[in-house]
Amino acid sequence: MEQNRPLTLLVCALGGEGGGVLTEWLVDIARHAGYAAQSTSIPGVAQRTGATTYYLEVFPVPLAQLGGKRPVFSLSPVPGALDAIVSSELLETARQIGNGMSAPLRTLVISSSARIFTTAERMEPGDGRADAQRLLDVVKAFSREHHVFDMNAIARDSGTVVSAVMLGAIAGSGLLPFPREAYEHVVRGGDTSAPDKLGKMAAASLRGFAAAFDAVSAPRAQAAFVSSVLAGDTSDAPPPASALPADLARRFPPAVHDMLTLGHARVLDYQDAAYAALYAERLGRVLDAERAADPAGAHGFAITREAARWLALWMAFDDIVRVAALKGRASRAQRVRQEVRAGDEDIVKVYDHFKPGAAEFAALLPPSLSRRVTAWDRGRQARGLAPWALPLKVGSHSVFGMASLRLLASLRWLRRRGSRFAEEQALIERWLAAVEAGTREAWALGHELALCGRLIKGYGSTNERGKDNLLHVTDHLAAQPGVAPADRALAVAAARTAALADDAGKALDAALVEHGAPARPIKAQPIRWMKRKPTGGA
Amino acid sequence: MEVSFSKEVEMLRLGAGDTFHGEGILAITKGLLQSGVAYVGGYQGAPVSHLLDVMVQGKAYMDELGVHVEACSNEASAAAMLGASIHYPLRGAVTWKSIVGTNVAADALSNLSSPGVTGGVLIVVGEDYGEGASVIQERTHAYALKSSMCLLDPRPDLGVMVRMVEEGFRLSESSNMPCLMELRIRTCHVRGSFECKDNMAPAISTRALMTEPAGFDYMRLAHPPVTFRHEKLKGDERIPAARRYIVEHGLNELIPGRRHADLGIVVQGGLYNALIRSLQQQGLADAFGETDIPILVLNVTYPLVPEQVADFCVGKRAVLVVEEGQPEYIEQDIATLLRRRDIQTPLHGKDMLPSAGEYGVEVLSGGIGTFAAKYIEASEASSSAQAWLAGNRERREAVARSLSAPLPNRPPSFCIGCPERPVFSALKLAQQQTGPVHIAADIGCHAFGTFEPFSMGHSILGYGMSLASRAGVAPMMNRRTLSIMGDGGFWHNGLLTGVQSALFNGDDAVLLIFKNGYTSATGTQDIISTPDDEIKERAVDKQQSLVDKNQTIEDTLKGLGVKWMRTVTTYDVERMRKTLTEALTSDFNGLKVVIAEGECQLERQRRIKPWIAGLLKKGERVVRVKYGVDEDVCNGDHACIRLSGCPTLTLKDNPDSLKVDPVATVIDGCVGCGLCGANAHAATLCPSFYRAEVVQNPKWHERLLHGLRGAVVRALQPA
């Protein structure tokens with residue numbers, strides 16, 4: 001250890017995670033141990049969950065041996081001159097490394113693997129999450145040594161906050177010249193009684209401290225922990241899917257079996273065997289087209305695989321019958337109890353928020369009746385009223401609530417006769433036809449069109465928007481005369497990505513126009529118009 | 001207040017022989033008491049909020065000493081309070097966030113500085129500059145120059161900072177000039193130690209009152225013709241007196257250089273530590289501040305002492321001025337004084353250091369590297385420093401390359417369960433009906449509405465200025481404009497500059513007031529419309545919002561003559577949407593005020609947590625609410641997040657292997673505010689949201705009913 005410069009530690013946390021307490025602890029530990037130390041922070045900007053940093057410097061020689069001299073500490077972290085970075089959030093770790101803070105020859109990086117998503121990541125209609133693997137790669141590439149583990153999980157399991165876990169990690173790293181007891185003493189708040197006599201909060205902090213201490217100081221155990229974290233939590237994995245019927249297994253190549261099994265089971269569960277057979281028949285058509293385009297199967301039947309996924313999801317489109325069936329299951333009630341962390345003795349009351357509109361009811365009616373309901377609702381809107389909808393809070397823990405859910409779920413037979421069912425089947429056929437035609441023309445084009453199934457999801461306006469977008473893409477980009485199939489494939493891919501970027505469709509329109517297709521037609525939307533009169537002319 | 005300062009209040013009692021360990025801003029507070037301050041005031045704001053908060057919470061001890069503490073309604077009222085020191089030998093201190101607070105206080109500061117002070121005056125400003133700043137990047141220095149106030153910028157060492165507080169009062173008294181003390185963000189939050197002195201009870205105090213007012217003295221008024229005399233006094237007597245004091249008491253520090261005595265650096269005190277570390281990186285200083293180049297540390301950055309600076313510069317090969325921010329007042333001042341004395345020492349500063357931005361160690365090292373390259377022979381140390389700086393640059397580029405896209409920002413946001421978030425949800429929905437409107441935003445927590453997912457607000461002109469700032473744009477706009485103001489901003493300024501003006505001019509305007517009961521963004525300090533402690537004490541259900549119990553805002557608006565006023569509970573998104581739409585489209589052409597009522601969630605949680613813990617300890621019935629999302633119903637579109645942004649409404653991997661987009665999920669920490677459900681209804685979101693009420697320690701009949709009901713429900717449920 002160099003004796004002529006301070007040890008430097010940057011702590012990254014989010015507002016409200018106890019970073020202030022952590023630095024106070026560290027300064028106190030140093031002082032009690034007889035070392036000069038200084039911490040600073042910029043908590044002002046952290047206010048309410050924003051990112052923040054704390055900075056600590058400790059002189060590695062005890063004050064008593066400095067001959068009355070006092071070190072001058074820096075108030076801000078110096079990029080490339082840090083001994084350690086400890087961070088409670090992976091993206092924030094990468095951010096500080098990106099700011100140049102970590103030096104690969106000098107800096108130890110201890111980071112939580114946990115992600116707390118930023119609003120920008122969360123609000124995207126598709127998947128806006130930063131690639132955790134890339135973040136991890138940055139940590140690995142730009143640190144002398146690194147430890148990455150789920151600090152949030154440790155904090156949760158120990159019943160404490162992440163600051164205690166971070167302190168354990170710092171102690172376990174051996175960065176600072178203090179013994180473990182010195183850290184534990186301050187976590188106890190000076191209370192020296194046995195662990196079972198300690199206050200509840202101090203005891204929880206000690207547990208979190210110890211777990212993190214071990215995670216960092218015992219590299220082998222920790223390595224195992226990391227790999228389990230990276231492999232993903234297996235407890236959330238879906239139950240094994242039911243087996244694939246033998247005839248389907250023969251009809252389709254093994255590369256698509258997993259997706260086909262899931263898809264087939266989904267459609268069967270959604271409606272009935274006949275509907276599942278229709279699914280298989282439709283997918284068979286895609287497979288035939290793909291075989292024609294790629295007889296050697298060089299692409300691993302990716303079109304059929306993707307179509308198996310998106311076709312199943314579209315055919316099992318969400319409606320009130322489906323929602324009622326999902327919400328009425330016993331496994332769901334059990335899941336809710338777990339999610340809200342209810343104790344065995346606690347009573348849990350669950351109220352489900354529904355707001356079915358005219359369209360949801362019309363969906364289950366035969367076309368003629370359905371048209372009348374829709375026309376009535378349109379008439380309402382033309383008179384400046386809001387679309388009709390019925391806000392409901394259904395207590396699914398109550399007899400009445402559960403009976404209502406079960407009754408709705410039993411209307412599966414009605415779905416087949418309903419107007420929406422027919423509409424969806426027609427649209428599915430249009431999409432499949434485009435996929436088939438595209439595939440026969442060029443494999444890449446077919447693949448991109450199959451992937452466009454992702455645009456279909458959800459209920460109500462979200463679902464409508466998705467369908468409009470998809471049809472616009474198939475109608476205008478898939479079959480543009482005079483454009484090479486490869487270019488059309490690129491255009492379709494660009495439009496699909498853009499459609500998932502924002503719900504207003506600005507990016508999609510831009511992508512459409514860029515690739516020579518018209519922007520989507522502007523939809524009429526009633527606006528309550530208020531026009532002020534210019535006062536100057538009055 | 002969000003934080004309890006009981007421990008800190010105890011630290012204020014330390015006396016001679018004790019060592020203080022803690023934050024910089026609390027050391028300053030202790031320094032005030034050691035100086036015999038008689039009255040303290042100010043307006044809260046980072047990074048100096050704690051100064052006032054501790055004193056407010058330590059009122060009992062302040063009374064013991066006879067110190068008066070006033071939580072002022074804005075910085076102007078705080079500055080005006082200093083008028084007490086014009087006639088009387090009272091030491092007074094006020095504090096606020098600068099530059100914004102100083103701007104608000106400017107009128108009173110001019111009128112204080114002109115007649116000058118008898119008792120020492122210290123204005124502690126949080127120089128909110130650089131990383132972590134939340135205001136416009138301007139220098140307080142300009143105010144010291146134009147109003148002839150001394151400006152202290154102490155070296156960030158607790159002992160020096162406290163000494164400068166004590167010296168500041170004496171400097172003020174010996175020069176009759178008010179003293180400003182600027183403290184940077186990190187200086188306020190630095191943790192260190194200093195040796196205490198006993199606190200000094202002021203001679204004249206709330207316990208030892210003055211019997212008579214001072215006699216009439218026109219010279220003490222900031223009024224012509226004596227203002228002409230005051231101006232002369234500033235230059236002829238006060239500034240020279242201040243300079244004498246600075247030199248005689250060694251307020252600025254001269255640190256000799258070990259090797260390059262023919263060079264020199266002049267530095268603002270607050271930047272001293274960063275300078276030393278930069279010199280260290282260049283091999284020009286050691287860890288204890290022993291430097292190769294002589295340094296003049298200006299703990300007082302205005303006025304400069306020309307003789308002191310000239311003596312430092314004369315005969316040197318070159319001098320570097322290290323001065324943060326722009327314009328470079330100190331450098332210009334030094335250039336002038338050197339020129340007048342015909343001292344030919346080359347002067348450097350902003351030619352080698354950047355004009356804008358905080359002077360961190362890396363930035364300073366760049367400038368010092370340039371200075372050293374010009375005047376010192378290259379050494380191994382200097383090439384090491386160059387390699388370090390180049391390494392930083394290369395690494396930044398390398399990381400940027402390895403991340404495919406820039407990382408998303410993480411700005412501060414509304415708290416979990418904040419009552420202000422639902423209003424922005426409603427406003428987003430309302431604009432779908434009315435079309436987009438021009439939104440005049442303001443300072444406060446509601447300014448988080450300018451961030452994602454709402455991204456609303458066209459301008460911010462100052463604290464409480466939103467309504468005033470629409471006066472020019474509204475008459476030119478086809479559609480109505482909306483002004484947003486917090487209750488903090490309303491009382492700070494908005495009532496007069498906005499409401500009164502709009503009413504007087506008969507303006508067609510819409511004002512949305514967030515009535516959450518506190519100035520929350522600065523740490524939930526109380527204001528005149530805060531619900532009384534007694535009401536909080538008496539409330540049976542401590543979870544409920546109590547801001548409706550204080551009607552001061554409503555009464556005030558009625559009294560002023562506001563005819564159109566609606567009060568809406570913020571969590572009722574549907575009603576809020578309707579009310580906003582009505583305000584934006586109503587036939588009523590005067591001022592329309594919508595009061596969005598919902599108590600600050602931080603304050604509520606402070607109240608709720610111990611209450612619930614107490615109930616559970618006693619084994620009593622407690623109902624806890626949490627919202628959730630059914631993962632198999634969620635459509636993965638995240639429209640709910642675009643309408644909320646709540647930190648607990650986030651994403652997880654889709655458990656359905658067929659689907660690829662992550663689903664929404666509500667994580668631990670949800671306080672059950674109800675926004676998820678209200679949004680699901682108001683915006684007709686997907687039916688995946690549920691509200692769960694967890695009853696702990698249920699009563700026996702409740703248990704029985706639930707048991708029976710559960711049996712039937714289970715019989716109905718498939719697996």
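Author: Helices (H or I, at least four residues) and strands (E, at least two) are DSSP runs, numbered from the N terminus. This is a predicted model, where local features need pLDDT of at least 70 and side-chain atom pairs count only at pLDDT 80 or more, while totals for chains, interfaces and linings use all residues. Residues are numbered from 1 along each chain as its sequence is written, chains are lettered from A and ligands numbered from 1 in the order in which they are written, and side-chain values use heavy atoms, with hydrogens and water left out.

Start with the salt bridges. The term means a side-chain nitrogen of Lys or Arg within 4 Å of a carboxyl oxygen of Asp or Glu. Over all chains, the structure holds 87 of them. One pairs A:Arg332 with B:Asp630, their closest N and O atoms being 2.7 Å apart. This pair crosses between chains. A:Arg332 sits in helix H16 (residues 330-339) of chain A. B:Asp630 sits in the loop between strand E23 (622-629) and helix H24 (639-642) of chain B.

How covered are these two? Buried means under 20% relative accessible area, exposed over 50%, and partly exposed in between (1.4 Å probe, protein chains only). A:Arg332 has a relative accessible area of 2%, so it is buried. B:Asp630 has 1%, so it is buried as well.

B:Asp630 also forms a salt bridge with A:Arg335, with the closest N and O atoms 2.8 Å apart. That pair crosses between chains too, from A:Arg335 in helix H16 of chain A to the loop between E23 and H24 of chain B. A:Arg335 counts as buried because its relative accessible area is 17%.

Now widen the view. A network of salt bridges links A:Lys327, A:Arg332, A:Arg335, A:Asp352, B:Asp630, B:Glu631, B:Asp632 and B:Lys652.

B:Glu10 bridges to B:Arg13, with the closest N and O atoms 3.9 Å apart. B:Glu10 is partly exposed, at 49% relative accessible area. B:Arg13 is partly exposed, at 37%.

Next, the nonpolar surface. A:Phe361, A:Leu390 and A:Leu392 form a nonpolar patch there, with about 220 Å² of accessible area together. Patches are made of residues with over 30% relative accessible area and no salt bridge; like charges are joined within 9 Å, nonpolar side chains (Val, Leu, Ile, Met, Phe, Trp, Tyr) within 5 Å. Areas come from the Shrake-Rupley method with a 1.4 Å probe, and for residues only the protein chains shown count as cover. A:Phe361 lies in helix H17 (residues 358-364) of chain A. At 35% relative accessible area, A:Phe361 is partly exposed.

Last, the backbone of chain B. A cis peptide bond joins B:Ala46 and B:Pro47, with omega about 0°. B:Pro47 is in the loop between strand E2 (39-42) and helix H3 (49-57). The bond from B:Ser98 to B:Ile99 is cis too, with omega near 20°. B:Ile99 falls in the loop between strand E4 (92-98) and helix H7 (100-113).

Positive phi values turn up in residues other than glycine. B:Ser148 has phi near 55°. Its loop runs between helix H8 (141-147) and strand E6 (150-152). B:Ser148 is buried, at 10% relative accessibility. For B:Thr524, phi is about 50°. B:Thr524 lies in the loop between strand E19 (518-519) and strand E20 (525-526). At 0% relative accessibility, B:Thr524 is buried.
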